[in-house]
Amino acid sequence: MAPTTLPNQKTATSPFGKDSSLAGMPIKLSEMLAVLPVAYIARGSVHNIAEINKTKNYIREALEKQLNGDGFAMVEILSPCSTNWHLSPVASMKHIAEETVKYYPLGVMAAGVILANAALRADKQTCWLPSYGGTMRGGTANCSVKIADEEIGSPYIDEPDVLVVFNEPSYVKIL
């Protein structure tokens, strides 16, 4: 069974469902790597056209980071395995959309969560503040992550040290 198989998920190698008490919990590779000094970590999916397009942008960004010598970059991609999941292709895509992304969150919000969790593991104070705008799916979204050695009084960030933008509409909206 794959190290990313979800708890209780039925597969060719776990026909009764993955028993996490025996096989362990799924590995969250992006979160594990986020605690290291890396240039870029993202998680995308191929379960629908919108996510495929976002994932293509993540891959492009990761390759640019590598080509620029900025450091290690990785894109984790959630993809179906219809044969081993014993599901039709359509049901496999639905499984990713309804189950897998709950455990493995996608996109810029996921990047913010990963960064905030890495800061917590490094014994830092942190605050993660998402902003979805008028629409949650297909619209621009952003999040702020504040990391400090001392207690954080407000999540508002007026002068960021780092700004990560995944697409032009979000960049225009932020500025």
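The side chains of Glu76 and Arg43 meet in a salt bridge, with 2.9 Å from N to O. This is a predicted model, in which local features need pLDDT of at least 70 and side-chain atom pairs count only at pLDDT 80 or more, while totals for chains, interfaces and linings use all residues. Residues are numbered from 1 along each chain as its sequence is written, and side-chain values use heavy atoms, with hydrogens and water left out.

Me: Why is the contact between Glu76 and Arg43 called a salt bridge?
Reply: The term requires a side-chain nitrogen of Lys or Arg within 4 Å of a carboxyl oxygen of Asp or Glu; the N to O value for Glu76 and Arg43 is 2.9 Å, so the pair meets the definition. Glu76 belongs to strand β2 and Arg43 to strand β1 (residues 40-45), 33 residues apart, and the pair therefore links distant parts of the chain; strands here are DSSP runs of E with at least two residues, helices are runs of H or I with at least four, and both are numbered from the N terminus.

Me: What makes Glu76 count as buried or exposed?
Reply: Buried means under 20% relative accessible area, exposed means over 50%, and partly exposed lies in between, with a 1.4 Å probe and protein chains only. Glu76 has a relative accessible area of 11%, so it is buried, and Arg43, at 1%, counts as buried as well.

Me: How do you know that Lys65 and Glu61 form a salt bridge, and where do they lie?
Reply: Their side chains meet at 4.0 Å, N to O, and both residues lie in helix α3 (residues 49-67), four residues apart, which is about one turn of the helix. Lys65, at 24% relative accessibility, counts as partly exposed, and so does Glu61 at 23%.

Me: Why is Asp149 said to be tied to a part of the chain 25 residues apart in sequence?
Reply: The side chains of Asp149 and Lys124 meet in a salt bridge at 2.5 Å, N to O. Asp149 lies in the loop between β4 (142-148) and α7 (168-174), and Lys124 in the loop between α6 (107-121) and β3 (125-131), so the pair ties these parts together. With 61% relative accessibility Asp149 counts as exposed, whereas Lys124, at 30%, counts as partly exposed.

Me: How many salt bridges does the structure hold?
Reply: The structure holds four salt bridges, among them the pair of Glu76 and Arg43.
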